[in-house]
Amino acid sequence: MKKIFVLIGIMALILGASQLEVKAQIIDGAYKRDDVKSRKPTSLPYVREADVMWRKKVWRIIDLREKMNQPLYFPSHEVDGRYSLVNLLLQGIKDGKLTAYDAKNDDEFKVPMTYEQVKESFGATTRTRKVRNVDTGEITEKVISGEVRSEEVKQFMIKEEWYFDKQSSAMNVRIIGICPIQEFYRDDDANQENVQRRQVFWVYYPEARDLLASNEVFNPQNTARNLSFDDVMLKRKFNSYIVKEENIYNNRAISQYLGSKDAMLESRRIESSIFDYEQNLWEY
């Protein structure tokens with residue numbers, strides 16, 4: 001009889017503990033969602049060099065101020081486990097999951113950077129800055145602490161290669177690298193009249209795919225179908241324009257030989273030439 005009471009007592013304790021565990025589980029929503037962090041990037045097909053009939057490298061700009069690209073800019077701080085693209089890259093570099101490469105001299109991923117060097121590239125050093133007092137109109141000096149101002153990243157540069165694969169008879173693209181572009185004002189520009197731009201660092205995109213695939217981008221139309229950052233890039237869910245193509249003149253940018261409206265038309269011409277190559281291979 002004593003054994004029966006002991007067993008009943010043990011079962012009651014187990015049941016009570018399980019009930020407490022159920023009560024402790026909080027689901028922030030109508031249902032329990034799968035763990036996004038366990039997602040893996042979609043495998044890309046192998047490409048043989050002998051099957052590539054034509055290829056072209058281009059560099060394009062994604063402007064985060066455009067409405068279509070704003071899901072890559074927001075949230076400015078972590079919300080429900082979501083990060084902006086630049087904050088996600090910075091966190092990956094800080095945790096050792098990604099390698100940053102120096103963007104000052106080239107975009108060929110030659111010189112690795114530490115997280116401290118990335119902060120220096122952002123200008124995250126304590127310095128004195130001249131600021132105009134709104135009330136008095138006088139110029140005063142203000143000490144700016146060394147913080148990474150990720151909200152100043154308003155553009156991303158994408159390095160990619162387009163190629164025609166005769167095995168699949170299709171034009172495909174592979175992203176090679178991604179680079180945040182920071183917009184800032186010099187310390188002596190108190191009125192903030194001349195905006196400056198600089199490429200902060202490069203990230204080798206194939207290395208970043210695991211991290212990008214395990215983090216979601218907010219979908220304004222349907223949050224039940226949020227895409228990952230890797231999905232956005234692979235499915236081309238962003239708006240951009242070409243600023244450079246590989247060429248004989250040291251891969252010079254369009255802005256080095258054209259400006260204003262002519263530069264825009266040249267960007268569209270390069271874009272059209274990529275798709276026209278595929279169309280011209282077919283007979284109708």
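## Pocket

A pocket here is an open set of points on a 1 Å grid over the protein atoms alone, with protein on both sides within 12 Å along at least five of seven lines, and lining residues have an atom within 4 Å of a point. This is a predicted model, where local features need pLDDT of at least 70, side-chain atom pairs count only at pLDDT 80 or more, and totals for linings use all residues. Residues are numbered from 1 along each chain as its sequence is written.

So what lines the largest pocket? There are 20 residues, with D28, R33, V36, D80 and E216 nearest its centre. Sorted by class, that lining has 9 charged residues (Asp, Glu, Lys and Arg), 6 nonpolar (Ala, Val, Leu, Ile, Met, Phe, Trp, Tyr, Cys and Pro) and 5 polar (the others, Gly among them).

## Cavity

For a cavity, the points are those where a 1.4 Å probe fits but cannot get out. The largest one is lined by Y73, S76, S84, V86, N87, S150 and E151. By class, that makes 2 nonpolar, 4 polar and 1 charged.

## Nonpolar cores

A nonpolar core joins buried Ala, Val, Leu, Ile, Met, Phe, Trp, Tyr and Cys residues through side-chain atoms within 4.5 Å, buried being under 20% relative accessible area with a 1.4 Å probe, protein chains only. The largest has 32 residues, and F156, F201 and M233 touch the most other members.

Leaving out residues up to four places away in sequence, F156 has contacts (heavy atoms within 4.5 Å) that include L85, V86, L89 and I178. Another core lies apart, with 11 residues, including W59, Y101, A103 and I176.

How values were computed
Heavy atoms only, no water. Buried < 20%, exposed > 50% of the residue type's maximum accessible area, 1.4 Å probe, protein only.
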